[in-house]
Each structure stands twice: as C-alpha cells, then as structure tokens.
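Q: I would like to learn how to read the features of a model. Can you take me through this one?

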Amino acid sequence: MKVTVYTDGAARGNPEGPGGYGAVLEYIDTKGILHVRELSAGFRRTTNNRMEMMAVIAALEALNRPCQVDLYSDSQYVVNAFNQHWISGWIKKGWKRGKNEPVKNVDLWQRMLAAMKPHQVTFHWVKGHNGHEQNERCDTLATTAADGTDLLIDENYEAL
C-alpha cells in the first residue's frame, strides 16, 4: 500500500516547553476511498529536532503493515540524515560524526530506524511556511498539539 505522510514538529523555541508534533497520513484503500489519519501530541522540555523526529516516528509506528511511504517534512535535518546518507555514516562510526563528536538524539534515530524497517520510505523536504497546503496543515496540527495540555510527557516520552 502507498501512504503519503506529512510531518511537523513545534518546540516553540523554548527547550523548557511546550512543544508538540503533528503527522498526517493519507492513503487510498483497495476500494478507492481516501483515508486521512491525524496524529499529534504535546510535550514539554524538548527541542525542535526531537519534535521533528517524533513526528516521523509516530507516523511510521502508526502503520500496521509494510507500506511504500512518501514522507514530507520541513526538517532538513531529518530529511538530509537519510537522503545524504548521514545516518549510515554515523552508524559506521559508532554514532560519531565529524571529528569523533557524538551524534545527538541517538535514542530517536534508533527508534526511527526500527520504525522504518518494514517500510520502503522516501524522504522529501518541503520548505516550511511557504504556502504549501499540506505543510501548513501539519504546522497547524503541530502548533495545536504544542499548545494542548491533554498530553504532556517529558523528554524521555513517558506519560506524566
């Protein structure tokens, strides 16, 4: 099955919170019916990169069977990690980069790799805030999640 995923994270520029992410999954079933699934969560005490990564992870983990996934993100960091093969280099170096500097967010990179495993994922960068309809939709969802208090979790992603 082919699935199109649009993601966005919103840490709101404050590592002490709030932050959140949004993900929208779209697919057409075998009867030709379009389905849209929206995922979001509010967080506190985290960073924008972690929010972008959690949006991707949530979307991939929501898929209950192997899919061909076109994933659109406004995070160059996440997209380039795969499209420019940064992640394979980090793994070969024992999660180090550059001059033996440790890679940040190894826990989430490993979780993302596990979530990707059953799928064929293609990453696409969609520049944010440029009027792209689906990017704006995800941005709104992520901002709503960031402002919400229905689900607050710490940076280790455990429910409070």
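Q: Which residues touch the most other members of the largest nonpolar core?
A: In soluble globular proteins, nonpolar side chains tend to be buried together. Here the largest nonpolar core has 36 residues, and Leu60, Val69, Leu71, Phe82, Trp109, Met112 and Phe123 touch the most other members. Such a core is a set of buried Ala, Val, Leu, Ile, Met, Phe, Trp, Tyr and Cys residues joined through side-chain atoms within 4.5 Å. Helix 1 (residues 48-61) gives the largest share of this core, nine residues. Helices (H or I, at least four residues) and strands (E, at least two) are DSSP runs, numbered from the N terminus.

Q: What should I know about the model itself?
A: This is a predicted model: local features need pLDDT of at least 70, side-chain atom pairs count only at pLDDT 80 or more, and totals for chains, interfaces and linings use all residues. Residues are numbered from 1 along each chain as its sequence is written, and side-chain values use heavy atoms, with hydrogens and water left out.

Q: Leaving aside neighbours within four places in sequence, what is leucine 60 in contact with?
A: Contact means heavy atoms within 4.5 Å. With those neighbours left aside, leucine 60 is in contact with Val69, Leu71, Ala115, Met116, His119 and Val121.

Q: Is serine 75 buried or exposed?
A: Buried means under 20% relative accessible area, exposed over 50%, partly exposed in between (1.4 Å probe, protein chains only). Serine 75 has a relative accessible area of 6%, so the residue is buried. Its place is in the loop between strand 4 (68-73) and helix 2 (76-83). The serine 75 side chain reaches the backbone nitrogen of valine 78 at 3.2 Å. Beyond its neighbours within four places in sequence, serine 75 is in contact with Glu52 and Trp125.

Q: Where do histidine 85 and asparagine 105 lie?
A: Histidine 85 lies in the loop between helix 2 and helix 3 (86-92). Its phi is positive, about 60°, although it is not a glycine. At a relative accessible area of 56%, histidine 85 is exposed. Asparagine 105 lies in the loop between strand 6 (101-102) and helix 4 (106-116). Asparagine 105 has a positive phi of about 65°, and it is not a glycine either. Asparagine 105 is buried, with a relative accessible area of 14%.

Technical notes:
A polar contact is a pair of N or O atoms within 3.5 Å; within protein, one must be able to donate a hydrogen and the other to accept it, and residues adjacent in sequence count only if both atoms are side-chain atoms.
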